[in-house]
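Look at the sequence and the structure first.

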Amino acid sequence: MTELVLTNARLIDPEAGTETLGTLTIRDGKIETITGGRTDAPGSVDCGGKYLAPGIVDLGVKVCEPGERHKESFRSAGRAAAAGGVTTMVTRADTLPAIDTPETLEFVTRRAAQDSLVRIAPMAALTKERAGREMVEIGFLLDAGAVAFSDGDAVTTDTKVLSRAFTYARSLGALVIAHPQEPGLSKGAAVTSGKFASLRGLPAVSPMAERMGLDRDIALVEMTGVRYHADQITTRRALPALERAKANGFDITAGTSIHHLTLNQLDVGDYRTFFKIKPPLRSETDRLAVVEAVASGVIDTISSFHTPQDEESKRLPFEEAASGAVGLETFLPAAMRLYHADLLSLPQIFRAISLNPAKRLGLPCGQLAAGAPADLVLFDPDAPFVLDRFRLRSKSKNTPFDGHRMEGKVLRTWVGGVEVFGGEE
Amino acid sequence: MTFRARHLLGIEPLHPVEITTLLDLADDYVGLNRAAVKHSDALAGLTQINMFFENSTRTQASFELAGKRLGADVMNMSMQASSIKKGETLIDTALTLNAMHPDLLVVRHPHSGAVDLLAQKVNCAVLNAGDGRHEHPTQALLDALTIRRAKGRLHRLTIAICGDIAHSRVARSNILLLGKMENRVRLVGPPTLIPAGAEDWGVEVYGDMAEGLKDCDVVMMLRLQKERMDGGFIPSEREYFHRFGLDAAKLAHAKDDAIVMHPGPMNRGVEIDGTIADDINRSVIQEQVEMGVAVRMAAMDLLALNLREARANG
């Protein structure tokens with residue numbers, strides 16, 4: 001494979017926490033060398049002083065294959081990911097049917113290989129049909145390439161089933177990803193409880209339900225020793241429990257969503273269903289506490305939780321409308337809001353969106369180091385634009401950022417040294 | 001123009017001046033409704049459709065009568081029976097109706113925000129006749145008119161709203177309206193029926209009837225909405241009546257001339273003692289029903305004026 005030289009780029013190294021002007025060479029799909037300064041060698045690509053970072057590893061993308069290809073396919077999701085600087089989509093198992101057998105998982109990997117522009121790392125369900133009654137064939141699914149096991153937002157209420165699944169997963173070293181939420185308390189809820197929810201008359205859940213779910217899971221982690229990742233921590237009150245569990249040396253990490261870091265419950269306004277996500281948007285106090293937890297490293301990863309929904313499932317009264325928002329293409333510009341607000345530095349952001357998810361899943365990508373896959377994104381954090389949802393590449397257009405003024409554009413994306421996105425138009 | 005709204009979706013977007021304008025006009029209509037010939041041509045030639053996605057006898061009858069007395073062509077549609085069962089979405093229903101060129105659409109729906117959603121899709125004036133636990137603006141307006149006529153003013157009164165606040169759209173609209181008109185509002189009820197964050201609404205919250213009713217000018221009781229409860233909010237109806245049901249002993253804590261209100265339908269012996277409800281010296285529950293027709297006439301009259309003006313201006 002031919003060599004590619006990217007020069008005059010601000011290199012973001014999330015591992016070292018640095019941004020330096022330099023040159024990066026690629027050979028055979030891998031990063032070969034990283035050097036300071038610039039080169040005028042013929043054939044080298046001048047990055048114009050823009051930022052080059054390891055491509056985003058998005059933990060928890062819903063591609064609606066199998067089952068709901070009209071909402072999102074591997075082709076459309078792959079194009080959206082490439083345009084958003086996402087080089088690995090860690091796909092969710094909450095499809096129709098759920099990805100709970102090696103055969104379904106193989107279907108997914110085959111479809112992705114045919115159609116997706118970017119890499120996929122598939123997750124499998126933890127229990128059959130995500131029903132919380134019987135564990136899946138964790139061993140076979142690991143062999144088939146499952147990187148983690150998660151029932152998504154379907155919380156297993158039967159603690160005995162869950163403890164057995166955790167124990168079994170532990171014996172195989174499998175990573176379990178759970179959705180910390182007390183299901184009885186959050187049943188039927190559409191928003192977070194408080195003054196706003198009560199005035200709007202919407203069914204609401206206390207933020208405490210997340211902390212209760214997390215507390216239970218931590219106890220099970222202590223009991224079984226499983227490798228555990230909480231998919232979304234979104235409330236202030238869950239953070240001390242998480243911090244304590246980490247201090248106690250449990251194998252536990254946690255993520256959050258870019259929407260919870262950049263939006264709050266008041267954005268729902270007059271029943272705008274594009275802001276209905278799961279867990280629901282929180283108070284501003286919670287949002288700032290979670291941003292702080294990302295900065296301090298208590299929360300390890302940020303994901304888009306890309307969840308495509310068609311117009312029909314969103315054009316309903318708020319309580320009846322489907323949850324979820326697309327996020328692949330708005331992930332980076334939304335993250336730049338945190339950078340421009342001086343809440344997180346660029347290396348901190350890429351630590352949470354590239355390095356940490358890759359590390360936790362045991363993937364070789366996510367870093368700017370010799371020998372790592374050349375999965376890269378070149379972007380301009382300051383380029384302004386107004387988001388028009390109908391220009392999104394996703395089949396579904398359910399973004400909360402429609403009409404928002406944003407800053408941060410992806411200029412080029414490479415996967416394994418191959419350019420998969422080359423800018424607008 | 002002191003009433004600018006295009007729709008009446010809630011009390012929240014209304015200005016105090018708009019509320020006063022509407023109540024003043026409603027006062028005139030009370031006179032009309034008591035006259036021998038109860039008819040006006042204010043809505044002549046206009047079509048009013050009452051679309052009820054949730055059971056209602058009283059509110060629907062009140063809107064129907066209000067429309068007919070103003071000369072509108074009124075049609076009632078009970079939506080539970082028809083398209084919902086066939087799986088039609090709310091927006092499709094709205095578009096279908098819109099094609100029939102109604103001028104006034106009166107909507108009740110079990111989900112909060114559903115009436116707002118519908119209003120975005122039609123070209124006529126929409127009146128919210130109650131959406132989920134969100135708002136019921138004409139109820140708050142008729143309560144306001146009842147209070148104003150009984151007390152001679154609608155400001156600087158102490159008003160206790162008691163009972164099932166959590167499930168009540170009537171309570172939300174009343175809290176907003178009475179707050180806008182600068183009254184002192186108290187919420188009284190068991191903590192399980194007080195919505196989260198209520199203490200941030202600019203009201204005082206009480207868990208005891210004696211304290212909550214002390215020196216009140218108005219005692220507004222709410223219906224215990226058993227049909228909206230999906231879990232144990234109260235231990236039993238008899239304990240609820242004992243602690244929160246309005247009887248003579250509890251009412252004695254309010255001012256001597258305090259009036260008693262209830263939006264109906266009442267659960268006698270659950271939230272209110274029958275003798276209090278029937279006491280013509282204290283209870284204004286029948287007046288509330290009468291004011292309901294007048295307030296709805298005023299609301300539709302004002303919205304129709306704005307609609308005609310908007311149409312004349314293209």
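## Terms and source

Buried means under 20% relative accessible area, exposed over 50%, and partly exposed in between, with a 1.4 Å probe and protein chains only. Helices (H or I, at least four residues) and strands (E, at least two) are DSSP runs, numbered from the N terminus.

This is a predicted model: local features need pLDDT of at least 70, side-chain atom pairs count only at pLDDT 80 or more, and totals for chains, interfaces and linings use all residues. Residues are numbered from 1 along each chain as its sequence is written, chains are lettered from A and ligands numbered from 1 in the order in which they are written, and side-chain values use heavy atoms, without hydrogens and water.

Five of the five residues of E5(B) are buried. Both faces are covered: B:Thr158, B:Ala160 and B:Cys162 lie on one side, B:Ile159 and B:Ile161 on the other.

E5(B) runs parallel to E6 (residues 184–188) of chain B, joined by five bridges. Strands pair if DSSP finds at least two bridges between them. B:Thr158 stands opposite B:Arg184 in E6(B). From E5(B) the chain crosses through helix H7 (residues 169–180) of chain B to E6(B), a right-handed β-α-β crossover. Right-handed means that, with the strands pointing away from the viewer, the path from the first strand over the helix to the second runs clockwise.

Four bridges join E5(B) to the parallel strand E8 (residues 218–221) of chain B. B:Ile161 faces B:Met220 there, and B:Cys162 has B:Met221 as bridge partner.

## The whole sheet

The open sheet has five strands, in the order E7-E6-E5-E8-E9 (chain B), with parallel pairing. E7 (204–206) and E9 (259–261) of chain B each have a single partner strand, so one side of each is left without a neighbour in the sheet.
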